[in-house]
Amino acid sequence: MCSANGALQASLCAKHGLTSCFPGFSSAPSVPLQGSVRGYYLRDEPHASDFRGLAKVVESVHKARPGTCVFINLLGGYMASPAAAKAWWGFATYEQYVDAFVSTVQPDILCKCSSSLLRVSSKPQDAVRRLW
């Protein structure tokens with residue numbers, strides 16, 4: 001969903017039996033939090049330097065709309081070197097990145113990008129192993 005026609009998109013989701021996390025909390029007043037809208041999609045692929053600010057937004061969402069789900073999609077989990085990881089995530093390892101996100105932001109849902117699933121494999125279990 002995009003935030004331009006939030007009420008319309010929420011009603012279309014409801015009509016078709018879908019639920020969603022609406023993009024951006026700033027548009028919350030225009031989108032009723034009921035039925036098809038379960039929460040807010042705040043950010044895609046944040047760097048560690050964004051965590052404190054995101055934590056404040058998550059807290060404000062929960063205060064303004066108790067019971068809502070807040071969704072933030074993490075960066076993927078592979079880097080070729082610790083230097084690349086430090087630049088991309090803000091930490092030398094993915095485990096440090098995820099641990100810092102969880103402890104700082106305290107998310108409702110933990111998820112990440114996983115374009116590695118697009119790699120071809122003759123074994124379906126390989127794709128599942130690459131998820132985390």
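A polar contact is a pair of N or O atoms within 3.5 Å, one able to donate a hydrogen and the other able to accept it. In the predicted model described here, such a contact involves Gln96: a polar atom of the side chain of Gln96 lies 3.2 Å from the backbone nitrogen of Ala92. Gln96 belongs to helix H4. With a relative accessible area of 38%, Gln96 is partly exposed, because that class runs between the limits of 20% for buried and 50% for exposed.

The overall fold is considered next. The protein contains five helices and four strands. Along the sequence these elements follow the pattern α-β-β-α-β-α-α-β-α. The protein has 132 residues, of which 34% count as buried. Among the contacts with a separation of 6 or more, 49% are made by residues 24 or more positions apart.

The four strands form an open sheet with parallel pairing, in the order S1-S2-S3-S4. Strand S1 (20-23) and strand S4 (111-112) are the edge strands, each pairing on one side only. Parallel pairing between S1 and S2 extends over four bridges. Ser20 has Val37 in S2 as its bridge partner, and Phe22 stands opposite Tyr40 of S2. Between S2 and S3 the pairing is again in the parallel sense, over five bridges. Here Tyr41 has Phe71 in S3 as its bridge partner. Of the six residues of S3, five are buried, so this strand is largely enclosed by the rest of the structure.

Helix H2 packs on the sheet and touches S2 and S3. The direction of H2 makes about 160 degrees with that of S3. Lys56 has a relative accessible area of 62% and is exposed, because the class of exposed residues begins over 50%. From C-alpha to C-alpha, Lys56 is 9.7 Å from Thr104, and the two residues are 48 residues apart in sequence. The loop between H2 and S3 contains Thr68. At 6% relative accessibility, Thr68 counts as buried, because the limit for that class is under 20%. The side chain of Thr68 reaches the backbone oxygen of Arg65 at 2.9 Å.

The largest nonpolar core has 22 residues, and Phe51, Ile72, Tyr97 and Val105 have the most contacts inside it. At least two residues of this core come from each of strand S2 (37-44), helix H2 (51-64), strand S3 (69-74), helix H3 (82-89) and helix H4 (94-105). Helix H4 supplies the largest share, six residues. The surroundings of Val105 illustrate how the core is joined. Leaving aside residues up to four places away in sequence, Val105 touches Phe51, Leu54, Ala55, Val58, Ile72 and Ala100. Two of the residues in that list, Phe51 and Ile72, are also among those with the most contacts inside the core.

Aromatic rings were treated separately. A pair of aromatic rings is described by the distance of the centres and the angle of the planes. The count of aromatic pairs comes to six. One of them joins Phe51 and Phe101, with 5.3 Å from centre to centre and 70 degrees between the planes. This pair is edge-to-face, because planes over 60 degrees apart are placed in that class. The pair links distant parts of the chain, with Phe51 in helix H2 and Phe101 in helix H4, 50 residues apart. Both Phe51 and Phe101 are buried. Ring pairs also connect these two residues with others: Phe51, Trp89, Tyr94, Tyr97 and Phe101 are linked into a cluster.

Notes. Residues numbered from 1 in each chain as written. Predicted model: local features only at pLDDT ≥ 70, side-chain atom pairs only at ≥ 80, totals over all residues. Heavy atoms only, no water. Core = buried A, V, L, I, M, F, W, Y, C linked by side-chain atoms within 4.5 Å. Buried < 20%, exposed > 50% of the residue type's maximum accessible area, 1.4 Å probe, protein only. Contact = heavy atoms within 4.5 Å. Phe/Tyr/Trp six-rings, centres within 6.5 Å; stacked < 30°, edge-to-face > 60°. Pairing = 2+ DSSP bridges. Axes fitted to C-alpha atoms, helices over the stretch in contact; angles between N-to-C directions.
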